[in-house]
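Hello,

Here is the structure I said I would pass on. My notes follow below it.

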Amino acid sequence: MTSATRLPAPLARATARIGSSTLLRHLVFALLGLVIVILVLENTSQFRNAQFASMAYLGIAAGGLTVLTGLNGQLSLGHGALMAIGAYTTALFYQTPEPPLPMIGVLLAATVVTLVVGAVVGIAAARLHGPYIAGATLALAIAVPGIALFFNNTLGGEQGLNVLVPDIPEWFADAVFFITANEVSTSKYIGYIGWFCLIVTFVLLANLSRSRVGRIWRAVRDDEVAAEIAGINLGRARVLAFVVSAAAAGLAGAVMAMAVRITAPTGFTLTLSLTLLTAVVLGGLGSLLGALIGAALLTFLPQVVTGVGRDAGLSDLQAAELSPLVYGLTMVLVILLAPAGIVGSIRGAWRRRKESAGSLG
Amino acid sequence: MQQFLTITLTGLTLGMVYAAFALALVLIWRSTRIVNFAQAPMAMITTYVALVLIDAGFSYWIGFAAALLSGLVLGAVIERVVIRPVEGKAHINAVILTLGLFIVIHALAAVIFGSRFRSFPAPFGLRGFQAGDVNIALTGFGIFTIVSVLVVMALLVALFRYTNLGLMMRASAFNQEVARLLGVKVGRMLTLGWALAALVGSLSGLLIAGGSLVHPSYMDSVVVYGFVAAVLGGLDSPLGAVIGGLLLGVSLSFVSGYVGSELVALASLVILMLVLLLRPGGLFSHAAERRV
Amino acid sequence: MKKWSRKLALVTSAVTTGALVAACGAGQDPDEGGGGASDVGITEDKITIGAHFPLTGVAAPGYSEIPTGARAYFDYVNANGGVDGREIEYIVRDDAYNPTQTSQVTNELVLQDEIFAMVGGLGTPTHSAVVDFLNSEKVPDLFVASGSLQWGDDPESKPYTFGWQPDYEIEGKIIGQYVAENMPDAKVGLFLQDDDLGVDSEKGVRRYLDDQIVAVERYTSGNTDVAPQIAGLAAKDVDLVLGFNTPSYTALSQLVSQKLNFNPEWFYSSIGSDPALVGSLLSEFSEGAIKDGAGALDGVLTSEYIPGVDTPDNEWTQLWQKVWDEHGEKGELTNYRVYGMSHAYAFVQALQAAGPDPTRDGIVDALEQVGTELEGPQLAPFRYSEDSHLGISGVQLVEIKGTSTEELTPVLVTDIGDAPIEEDTSNQADDVPPDDGLPAVEPVG
């Protein structure tokens, strides 16, 4: 079937180049994403901006997790703990109004610290599979907040550490004003930072996923024996996957620290890790788009569900518990009925339609 | 000296409870090769069933029996309805499923029973004994805990080793195809395995609750410690679960008493990692490892 | 696949260029800026306020009842005409005692629900997460439900925030002095929550008891195993334990002490000593071991700053009972609900003081001006002024006997730091409620 549109020659060559190169394609998507982000952030209220910031950091962590669990088959229940590490690192830098590093440095530091911890955990976990790695990362999820409590002098104990977000830099406020004639509130600023980090992370993850490394990860997931026979070092592949996803979680934690303005042990409970897993499962294991969808659902759905519950006459308490009930239930139903998640199921259905259309046509 | 004694005894009693929970995990693992992370909220909800009855005026033992019975039923229902479709498929699906159940049962309990902290009765008394100057931190209830877990373990061992039913359950776990060929109703054996496991889990829930505060999250940390205990002893071995539980209970009690209670979870993680790295099959492993 | 990508790339470039061109310099509606606008949350006939509370989670016992009491009182006021013709809309959001969630629900309250003021946000770690946000958005942050010093000792940096209950430090001081005078030979142990509650209380206590303290044990809220802490106190042979902890931990400490045969005298600060709640927490325990009901805390010493259900003849308690009977949800009147009603009463007073057209800055000024004179259920006067936003200035020490209490001292007042402790001469404790239960405060000049 030929395309109906006829493009002028130079444009056709350009789009062909973009179409065939993975990196360029991802960069184009990234640019498109950035534009959408600007449009959305500038046209919504401060409250929504804050919600979008939440969605951004959940998305970054979910992206890392979906790559680890979906592509490499390692189930981690400890990503909440890894986010905590990134968050606390960031908080430690932002204890004074004059931080020693510029923001990009702080974000990098948080990512690197978490990456190192991820390497340690990943090496230990590389020999585990199935329920063992789930159990070990579950223990991690519970153990890390305890560390913050133990070292309560530096890490703030149960009250946690307040995060003094640095002032919006002049050049940024001016740039935004130039483009959109709008002021920049703190919530919007954090929203921009979060989404910028998300776009960068997703481009990197998408590239990795389509590259040789991604194929190795999938091979390890699908059949260990065959992969090893083919010369793949199982341990190294697994550790790399864990490290990459840990770095993403660390970055997510850093953004979270700035968005929430406090890092305390109660912000990183087991529920956070389970929430991330739910996001990933709902969206579809292995799909970055799915991770984004899952993050969106988890940011915006609880309010809706709680509202419905309250209107239906439940007490405040019961309405508050309704949202975990709904997303737990959805997770169970998804695994039973549509294990590929939203994105996976849609892709599967689309592929089946194409195949049946192709076989007829 | 007093502190050492107190810490050891506390650790032993607590260890017994972890042992009970680990037993439940081992039972499910042996029958269906799944780790049931939802075991904790299942136990929590059966404890609430008991609490409802006790509130209504019935005696502790009626509540106790009701909790165990509802555990039996709950385990059977969950296996048949929710878990059956994913048995035999990718491991990861089953794990995620049990985690989803964890969230659902948790939230359900909070909606139905409320989040208030409730106290829970403990028969046989909560006073420690006094031997001269030394205070023995073992309560009547603590002794009941130890005895009941040992009894249950003995019953399970007897079931598996000496009865026909136990033989059929072991056969179904070992090789479903062959068992089916030999006339074993494999499906029923699996359901029975989950039902028994849930019953043991309910027992552990009641033992933890006694003399303590009950609320929807009270069993959450036990799932980790029970898991570590089960792995420590070997996921295939009921005896290992008990020994593992005791060892873990005492070690964690020492960490809590001498180092700091915040590091207990970290200590359990370290123990888990050590076991998995040095002796992945656990202390009492039967099955040979799969090596590639 | 290639053709699809090509089309997509073309579309992408077109959209990008178009959007950038369209967005450049296009003046869109400016964001609603932060607060300062005096008409946020208030209209001719309604004023909207809200707060965050732990309705679920570890800290929920007791605390989740506070907003039900406040709501009942606000409903009572609304049923009697409201304040200056305005109905009070009270929005409560759950933060599960989790500072991350507090941040999110506070965002909702301020940016989406557009509250005029936050009234009674609960919890030290939780409210710490949002106090700077509220102040930078210029939202009045009234009557924080926590005794930490940070809500009132620095009005320069937090001009919109006001405490309400006596802060932990002055409570510690008064308790410490009582012990030093009445039990000078006792070996004292401290049982502290591991946050501002413990830190501030310890600071106050140490002013008077420094050399009598032989053991200090801390617990973290959320971890219900306090056996190591109690064992630590027992190991030092403590005669008297001062507990600065939440009610669940009062129950747990009592229970564990049973088990270890540890029988010191107990002194719990007001925050953790509600006999009804602790009694209900302990009520299920086995026969003989711990008597059920309120007998659980017999002989325990504690402090009080508002009359509660343990003094049913007090006129304020009778007013609260009437309000609860008329407007409360199901359940009994408890001390937590009384707490809610008491600070709701204070808010109505503040609103009246702010005049018929209150503004956010106006209500802050009004409180600073008339705070110390406000008549209400509190046993000691407020300390509100330009220099201090700290709340009730003192407590009364009592001994629990069954469900009621016996006074040990008169109302004692002091301030943070080395201010001396004196008997209160303001007769605040003798205030009676107005006949109709509604305050009538003159608007400030």
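**Chain B against chain A**

The contact between these two chains takes 40 residues from chain B and 39 residues from chain A. Please keep in mind that the model is predicted. On the side of chain B that touches chain A, the elements giving two or more residues are helix H4 (91-113), helix H9 (220-233) and helix H11 (264-278) of chain B. H4(B) supplies the largest share of that side, 16 residues. By type, the residues on this side of chain B are 29 nonpolar, 9 polar and 2 charged.

One residue from the other chain can be followed across. Setting aside neighbours within four places in sequence, Ala139(A) is in contact with Val224(B), Val228(B), Ala265(B), Ser268(B), Leu269(B) and Leu272(B).

**The core**

Ala139(A) and Val228(B) turn up again in the largest nonpolar core, which has 354 residues. Both are among the residues with the most contacts inside this core, a list that also includes Ala61(A), Val255(A) and Leu23(B). Helix H12 (residues 234-260) of chain A gives the most to the core, with 19 residues. Domain 1 (46-166 + 311-392) and domain 2 (169-304) of chain C both give residues to the core, so it lies between them.

Chain C contains 14 helices and 14 strands. Of its 445 residues, 60% are buried. Among contacts in chain C between residues at least 6 apart in sequence, 71% join residues at least 24 apart.

How do helix H3 (residues 46-72) of chain A and helix H4 (residues 99-112) of chain C cross? Their axes come within 8 Å and cross at roughly 155°. An angle over 145 degrees counts as roughly antiparallel, and H3(A) and H4(C) are therefore roughly antiparallel to each other. Gln46(A), Phe47(A) and Ala50(A) in H3(A) meet Asn107(C), Glu108(C), Leu111(C) and Gln112(C) in H4(C). The residues of this contact divide into 3 nonpolar, 3 polar and 1 charged.

**One residue in chain A**

Thr263(A) is found in strand E2 (residues 262-263) of chain A. Is Thr263(A) buried or exposed? A residue counts as buried if 20 or more other C-beta atoms lie within 10 Å of its own; Thr263(A) has 32 and is therefore buried. Leaving out neighbours within four places in sequence, its contacts are Ala87(A), Tyr88(A), Ala91(A), Gly160(A), Leu161(A), Val163(A) and Ala257(A). Thr263(A) and Gly253(A) are 10 residues apart in sequence, and their C-alpha atoms are 9.3 Å apart in space.

Regards

Terms used. Residues numbered from 1 in each chain as written. Chains lettered and ligands numbered in written order. Predicted model: local features only at pLDDT ≥ 70, side-chain atom pairs only at ≥ 80, totals over all residues. Core = buried A, V, L, I, M, F, W, Y, C linked by C-beta atoms within 7 Å. Buried ≥ 20, exposed ≤ 12 C-beta atoms within 10 Å, placed from the backbone. Helix = DSSP H or I, 4+ residues; strand = E, 2+ residues; numbered from the N terminus. Domains from an automatic or database assignment. Contact = placed C-beta atoms within 7 Å. Nonpolar A, V, L, I, M, F, W, Y, C, P; charged D, E, K, R; others polar. Axes fitted to C-alpha atoms, helices over the stretch in contact; angles between N-to-C directions. Parallel < 35°, antiparallel > 145°, perpendicular 65-115°, else oblique.
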